[in-house]
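Subject: Structure handover

Hello,

Here is the structure for your files. My notes on it follow below.

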Amino acid sequence: MNFDLAAFRAEFAFFNQQPDWVYLDNAATMHKPAAVIAAETEFYQTFNANVHRGAHQLSQQATQLFEQARDTVAVYLNASGREEIIWCSGATSALNQLAFGLMGTVLHPGDRILISALEHHANIVPWQFHCQQHGVLLDVIPLDANQQLDQAEYQRLLALKPKVVSMAQVSNVLGHIQPVAAMVQQAKAVGAITIIDGAQGILLQQPDVQQLDCDFYVFSGHKIYGPTGIGVLFGKCSTLELLRPLLYGGEMIQQVSFSGTTLNQLPYRLEAGTPNIASAIGLAAALRWLQQWDQGAIAAHKQQLLQQLFDGLQQFSGIELISQVQNNAGIIAFNIKGEHHSDVAALLDQQQIAVRAGTHCAMPLFTAIGKAGAVRISLAGYNSPQEIDRTLVAVSQVLEILS
Ligand code: PMP
């Protein structure tokens, strides 16, 4: 199937509402197709009841839609059961649940956790905080000269027998795709619990969690054409059972009395409180909608845009490219030599080109590569070659203004 860019783009009202903008900040959040907005709106307009609680039919219908959404996610990830899908507000909350939930159950003083130098703060700070509290040691896989994870160092750190290995599938700054499938296997060989932060990797291709064989896989809905405020913590039941819940309250209990409380079964044990029902339904709508398109064709289109952008930027002698184009999920980090990244982004913003500048919630990565920050362009399937052309013209103007 060929990719019909015009038809794909037409699914997003944003481009009609804001025809003058070029949106290249997709790693921060993506636009939502009509199907997602309609699913959320329909829920609020037609049902709008709480789930698992009401005696009335509206609540039962809401519960059905909500649980069907869970099933959609389970099928999408090829999970082996619906109880392996835990709703949360996003990758950050999922990683916080993991860091909190493994401390004291799996992780004890003197144990080790292994993450990498290119992680998003969401996969650093929760570990760091709880490690300090519990006397657990945090090791970091460094980058090699090509800004890839140093695999020799990984082997050395695995030999220290970490109990948990948690790593990003794709760097949110560089776009580089990490060899997580192989790394998970190696981590499992030393008995570690494995976590993949799929926040930027969920769109690479449909993940098969059984094939990856990771213990946990997390992602945010808003980075796969879905709503904000909803995300997924996938876990194998056996490892989900090890987690101490982060939140306590309604829904996650079976029996409560002042002499004690018994907890509910999975997945509800890890879902205290009223969930983001509409957004769960919206995320399922995003996944169903996405599956109507040829994923390979979208990926090929994105790859062409990436190459066009990379080649164009490379033409300018004033540009310092930080990302490599090979094995890249569609993100380019760069700087204008001698200029501050924020100035570059502000000048692009004046030309209605939306990019991000700064350290992108990955300060240790910037320390590792010895840079103060970068401008980041992140692509999505709805971007067009014309938009890349316009961006390159805008960059040339920025270069001229700053020269
Ligand atoms: N991990 C990575 C790699 C990310 O890119 C992000 C989002 N920028 C997160 C985690 C956190 O996602 P969220 O803000 O949606 O919780």
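**Backbone notes**

Pro267 sits in the loop between β10 (260-263) and α11. Helices (H or I, at least four residues) and strands (E, at least two) are DSSP runs, numbered from the N terminus. The peptide bond that runs from Leu266 into Pro267 is cis, with omega near 5 degrees.

Before going on, the ground rules. This is a predicted model, so local features need pLDDT of at least 70 and side-chain atom pairs count only at pLDDT 80 or more, while totals for chains, interfaces and linings use all residues. Residues are numbered from 1 along each chain as its sequence is written, and side-chain values use heavy atoms, with hydrogens and water left out.

Two positive phi values are also on the list. Asn48 has a phi of about 40 degrees, although it is not a glycine. Asn48 belongs to the loop between α3 and α4. Its relative accessibility is 49%, so Asn48 counts as partly exposed. Gln352 is in the loop between α13 (341-350) and β13 (353-354). With a relative accessible area of 27%, Gln352 is partly exposed. For context, most residues other than glycine have a negative phi, and most peptide bonds are trans.

Leu58 is in helix α4. At a relative accessible area of 40%, Leu58 is partly exposed. Leu58 and Phe47 are 11 residues apart in sequence, and their C-alpha atoms are 5.6 Å apart in space.

**Cores**

Which residues touch the most other members of the largest nonpolar core? They are Leu77 and Tyr225, in a core of 78 residues. Helix α11 (residues 277-290) gives the most to this core, with 11 residues. Domain 1 (5-24 + 294-402) and domain 2 (37-291) both contribute residues, so the core lies between them. The domain bounds come from an automatic or database domain assignment. A second, separate core has 29 residues, including Leu102, Ile195, Leu240 and Leu266. A nonpolar core here is a set of buried Ala, Val, Leu, Ile, Met, Phe, Trp, Tyr and Cys residues joined through side-chain atoms within 4.5 Å.

**Cavity**

The count comes to 1 cavity of 30 Å³ or more. A cavity is a set of points on a 1 Å grid over the protein atoms alone, where a 1.4 Å probe fits but cannot get out; lining residues have an atom within 4 Å of a point. Grid points are joined across faces, edges and corners, and a volume is the space filled by probe spheres set on the points.

The largest cavity holds about 170 Å³ of space. Its lining has 17 residues, and Gln200, Leu203, Lys302, Ala329 and Leu379 lie nearest the centre. By class, the lining of the largest cavity has 10 nonpolar, 5 polar and 2 charged residues. Ala, Val, Leu, Ile, Met, Phe, Trp, Tyr, Cys and Pro count as nonpolar, Asp, Glu, Lys and Arg as charged, and the others, Gly among them, as polar. Domain 1 and domain 2 each supply at least three of the residues in this lining.

**Salt bridges**

How many salt bridges does a search of the whole structure find? It finds 13. The criterion is a side-chain nitrogen of Lys or Arg within 4 Å of a carboxyl oxygen of Asp or Glu.

- Asp25 and Arg376 pair at 3.5 Å, N to O. Asp25 lies in the loop between β1 (22-23) and α3 (34-47) and Arg376 in strand β15 (residues 374-378), so the pair ties together parts 351 residues apart in sequence. Both Asp25 and Arg376 are buried.
- Arg82 and Asp71 have their closest N and O atoms 2.7 Å apart. Arg82 lies in the loop between α4 (57-77) and β2 (85-88) and Asp71 in helix α4, so this pair links parts 11 residues apart in sequence.
- Asp139 and Arg112 have their closest N and O atoms 2.6 Å apart. Asp139 is in strand β4 (residues 137-141) and Arg112 in strand β3 (residues 112-116), so the pair ties together parts 27 residues apart in sequence.

Salt bridges that share partners join Glu67, Arg70, Asp71, Arg82 and Glu271 into one network.

Best wishes

Methods. On a 1 Å grid over the protein atoms alone, a cavity is a set of points where a 1.4 Å probe fits but cannot get out, and a pocket is an open set with protein on both sides within 12 Å along at least five of seven lines; lining residues have an atom within 4 Å of a point. Buried means under 20% relative accessible area, exposed over 50%, partly exposed in between (1.4 Å probe, protein chains only).
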